[in-house]
Amino acid sequence: MSSPDPAVARVLLQLADEPAPPGAGGLVSSLTRLCSALVRHLPASGSGISLVGEGQGSAGIAAAAGPESRRLEELQFTLGEGPCLDAHAARRPMLEPDLAGAGSTRWPVYGPRAAQLGVGAVFAFPLQVGAARVGVLDIYRKQAGPLSDEALATGFTFAEVALRLLLQGQAEAPDGQAPAALTDALAYRMEVYQAQGIVMVDLQCGADEALARLRGHAFATGRDITSVARDVIDDTLHLPRDAPPERHATDGPGSRP
């Protein structure tokens, strides 16, 4: 890494002071500690870092500041909408200080569900360098309201440090391979992709509809899309040929009935 500026140096010191999570090491430990440090040093109740590739089904959770933060990260990928996905697609931060109000208009499915889980505001920072997009850092708050200028600047600094950690991990990995520590996060992508392919074959439908059906079943049954995908792969779940159990707000009119 290059010599950090004072703001980055301060975050690195906060990261160094953060206890290591049990059972995790290397890059995942560093990212998890960063999320926990962020919650300690910002007016935040939760934080998560997700890897996001091309396509809304291409994502995996790299780290989170506890189970509640992980659940909120997972919720966006299950529903197919939310600040993380929008920040990645637009290549700019998504700052929503009123999730139950304007945020529920912005994300009509995710907003109300996240608000029910106690989130009042959410702020998503894309992790990117040049044209390369790596992932997104999300910050959750129980209280509605914007971040102060100082807190917002600190959020950007935490995002910069998260990006540096991910890039360093990639630089240390063998050519053409992802960091070994992120295997679990990347396995998420493969499970959803594999289940999507199975549904496409079973129901003779396109990729978008297959993903919508997986998400619809997850939404209707109150499960996350990862566990639904695993059941499809294990051949313990066969989605029906009729309409998905729950129409998603972003489903287009051209979806197969």
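The model is predicted, so local features need pLDDT of at least 70 and side-chain atom pairs count only at pLDDT 80 or more, while totals for chains, interfaces and linings use all residues. Residues are numbered from 1 along each chain as its sequence is written, and side-chain values use heavy atoms, leaving out hydrogens and water.

A nonpolar core here is a set of buried Ala, Val, Leu, Ile, Met, Phe, Trp, Tyr and Cys residues joined through side-chain atoms within 4.5 Å; buried means under 20% relative accessible area, exposed over 50%, and partly exposed in between (1.4 Å probe, protein chains only). The largest such core has 31 residues, and Leu31, Leu34, Ile49, Leu127, Leu137 and Phe158 touch the most other members. Among the elements giving it two or more residues are helix H2 (26-41), strand S1 (46-52) and helix H7 (149-171). Helices (H or I, at least four residues) and strands (E, at least two) are DSSP runs, numbered from the N terminus. H7 gives the most to this core, with eight residues. Another core, of 15 residues, lies apart from it and includes Ala218 and Val232.

Asp224 sits in the loop between helix H9 (207-221) and helix H10 (225-233). Beyond residues up to four places away in sequence, Asp224 touches Glu74, Thr78 and Ala218, where contact means heavy atoms within 4.5 Å. Asp224 counts as partly exposed because its relative accessible area is 28%. In H10, the buried residues include Ile225, Val228 and Val232.

Cys84 is buried, at a relative accessible area of 0%, and Cys205 is buried at 8%. The structure holds zero disulfides, a disulfide being a pair of cysteine sulfur atoms within 2.5 Å.
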